[in-house]
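Let's walk through a structure together, one question at a time.

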Amino acid sequence: LDFEVEDTLVEPKKEQAFQKALRAGNFAKLYAHAVHKTQEGLITPEQKQAIEGNWKKYSQGGDPKLLHGDLQGFGLDWCTATGYETAVTHTKAGDFHVFYTRDEDGKDTVPRVAIRMQEGTVAEVRGINTDQELEPVMADVTAERLKDLPGGEEYIRKAEDMKRLTAIEKKTTSNPDAELTADELRF
C-alpha cells in the first residue's frame, strides 16, 4: 500500500501504510496521520446542537476507570479526561456528574458538562467551550442539576455575579468615559 495524505483522511486504519511511512521517516505523511487521529472522536458541530441527554453520576469511591474511560475520544481538555490520576483524585474526593448528549447512534455518550463535588459540595463546573466554559445551550440543563446539589445555588449565584462583573468591565474597557448606573456601582 502506498501511504498518501489522502489515505489518512479517508482510511486512517491502513496500518501497513502507517508502518511504511514510519520506517521511511516520512514526516509529512506521519504528521497528516497524526492530525487525522487527533480529530477522531471530537464532538461535531451537529452533536453540539443536541441538548437531549442524561446525567450520569460517578459516585465517590467508585471506579475511576469508568469515569476516565467514558471521557476518552472527545478531545476534551478536562483534567479528568486527560489524566487518569486526576480521575482517581476526583472520585476519592466526591461524586462526579457528567451530562452526556446523544451520539449518532442515539446513545448518551457525548460529554458536555462536568460537575465535580468535593467534601459534599459543588467544587467545579466545566463545559466543552474554550477554557472549559459552558456552552450557552447547556446553561439551563446545568442550572437545573445544580439546584439539586449541595452548594449548587451558591455556584449559580457566583457565576451570575461573574457574568455581571465581566459585563461592567467590558463596558468600562470599551469606553473609559462610560457612566455606570447606581446599581452597577453598588455591585
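Predicted model: local features only at pLDDT ≥ 70, side-chain atom pairs only at ≥ 80, totals over all residues.

Q: Where is confidence lowest, and where is it highest?
A: pLDDT is the predictor's confidence in each residue, from 0 to 100. Here the protein averages 83. Helix α1 (residues 5-10) is lowest, with a mean of 38, while strand β1 (residues 53-58) is highest at 97. Helices (H or I, at least four residues) and strands (E, at least two) are DSSP runs, numbered from the N terminus.

Q: Which residues touch the most other members of the largest nonpolar core?
A: In soluble globular proteins, nonpolar side chains tend to be buried together. A nonpolar core is a set of buried Ala, Val, Leu, Ile, Met, Phe, Trp, Tyr and Cys residues joined through side-chain atoms within 4.5 Å; buried means under 20% relative accessible area (1.4 Å probe, protein chains only). In this core of 15 residues, they are Leu-67, Leu-71, Leu-76, Trp-78 and Val-98. Strand β2 (96-102) gives the most, with three residues.

Q: What do the buried residues of α7 pack against?
A: Contact means heavy atoms within 4.5 Å. Helix α7 (residues 84-93) buries Ala-87, Val-88, His-90 and Thr-91, and these pack against α5 (64-70), α6 (79-82), β2, β3 and β4 (121-126).

Definitions and conventions
Residues numbered from 1 in each chain as written. Heavy atoms only, no water. Buried < 20%, exposed > 50% of the residue type's maximum accessible area, 1.4 Å probe, protein only.
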